[in-house]
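Here is a briefing on one protein model.

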Amino acid sequence: MMAQQTLFSRVIGTGSYLPPDRVTNQALAERLAANGIETSDEWIFARTGIRARHFAAPDVATSDLAKIAADRAIEAAGIDPQSIDLIIVATSTPDYVFPSTACLLQNKLGIRNGGAAFDVQAVCSGFAYALATADNFIRSGAHRTALVIGAETFSRILDFNDRTTCVLFGDGAGAVLLQASDEPGVLATALHADGSHAHILCVPGNVSGGAIAGNTFLHMDGPAVFKLAVNVLEKVAIEALDKAGLSAEQVDWLIPHQANIRIMQSTCRKLHLPQERMVVTVDEHGNTSAASIPLALDVAVRDGRIQRGQHVLIEGVGGGFTWGAAVFKF
Ligand code: ACO
């Protein structure tokens, strides 16, 4: 009997998109001042590392951002979009209650091959969840070419009367194309959740009887999220590295979820990685939730930092509470 060859999923292209409206801390502070809310560039930068974020225009939906990021990944990979037989969109700000943003995106991309398309909801850990899902689908042999997207219009769920949250988030999309390959590939993934912390980061509303029930603005207990985040991120990063059989020093690039520079630096320090090996976009993007990791990945691929054959570690934490990590050879 012939030995079965191991099947991997491999990154064959990346893409990203930020809507053009770049809002600096100063511009946001002026906008909030009009509502009688006080904040400053100094406070925001010192506590978060954020200088600016991008906001989508009112008529632009999450699937529109995802479409441009996807087009760029498809172009980078040089593949026929009709070969994409799986689309997974990680988002907490979908276009509609249903259908999924992934189905809307499939249509916008003109893909008519009957492939699978669905959304994954794990808030800021969404991309780690989506990547792990696509990797498992590909390694099982069920699908061959997956478009994995993180896309968000978080500006829609921000309460611009709440300075503790509205200064932190932005809009954008990142895309990764994964394809079945004999060569590695995604080496390991690790996902976790603890629903008992649901209340510290949530949008506690829904649609009921034709109206909005509850509150559809983002609510966050920042200090509680901070404490939980630094605790679980190091553990899940080490778990993924152990599964991959790699030590932290073999990591060429750390791409953390871009929530807050202080959380990111803490994980980097705990892994004993030099800060130069961490990709940082939080300064220019803010926290784009599920989009932040694929956005940062695409930035570092396109500026030439991430090279073929290098090891990349991604890790993220978000509402749920959820957290996850993945290691792949680019
Ligand atoms: N401008 C000016 N002052 C502010 C602002 C603001 N935008 N927001 C809060 N303050 C004030 C507070 O009112 C408080 O004032 P007080 O001392 O007079 O009461 C003071 O600043 C300190 O507030 P804290 O909440 O204690 O500030 P902290 O140092 O914890 O920073 C922050 C807040 C940035 C939210 C931090 O807790 C954090 O980063 N938490 C992690 C949350 C996060 O990153 N969430 C993203 C989503 S989940 C994820 O992606 C991991």
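Helices (H or I, at least four residues) and strands (E, at least two) are DSSP runs, numbered from the N terminus. By that count, the protein has 10 helices and 15 strands. The model is predicted.

**Fold and dimensions**
- Along the principal axes, the C-alpha atoms fill a box of roughly 75 × 45 × 40 Å.
- Take the contacts between residues at least 6 apart in sequence: 77% of them join residues at least 24 apart.

**Burial and surface**
- Buried residues make up 54% of the 330 in the protein.
- The accessible surface is about 13700 Å².
- Carbon and sulfur atoms account for 53% of that surface.

**Charge**
- The protein carries 25 positive and 33 negative charges.

**Thr39**
- Where does Thr39 sit? Thr39 is in the loop between α1 (25-33) and α2 (41-48).
- Is Thr39 buried or exposed? Its relative accessibility is 18%, and buried means under 20%, so Thr39 counts as buried.
- Which residues does Thr39 touch, leaving aside those up to four places away in sequence? They are Ala29, Leu32, Ile44 and Val167.

Conventions. Residues are numbered from 1 along each chain as its sequence is written. This is a predicted model: local features need pLDDT of at least 70, side-chain atom pairs count only at pLDDT 80 or more; totals for chains, interfaces and linings use all residues. Side-chain values use heavy atoms; hydrogens and water are left out. Buried means under 20% relative accessible area, exposed over 50%, partly exposed in between (1.4 Å probe, protein chains only). Contact means heavy atoms within 4.5 Å. Accessible areas come from the Shrake-Rupley method with a 1.4 Å probe; for residues, only the protein chains shown count as cover. Lys and Arg count as positive and Asp and Glu as negative; His and the chain ends are not counted. The place of a charge is taken as NZ of Lys, CZ of Arg, CG of Asp or CD of Glu.
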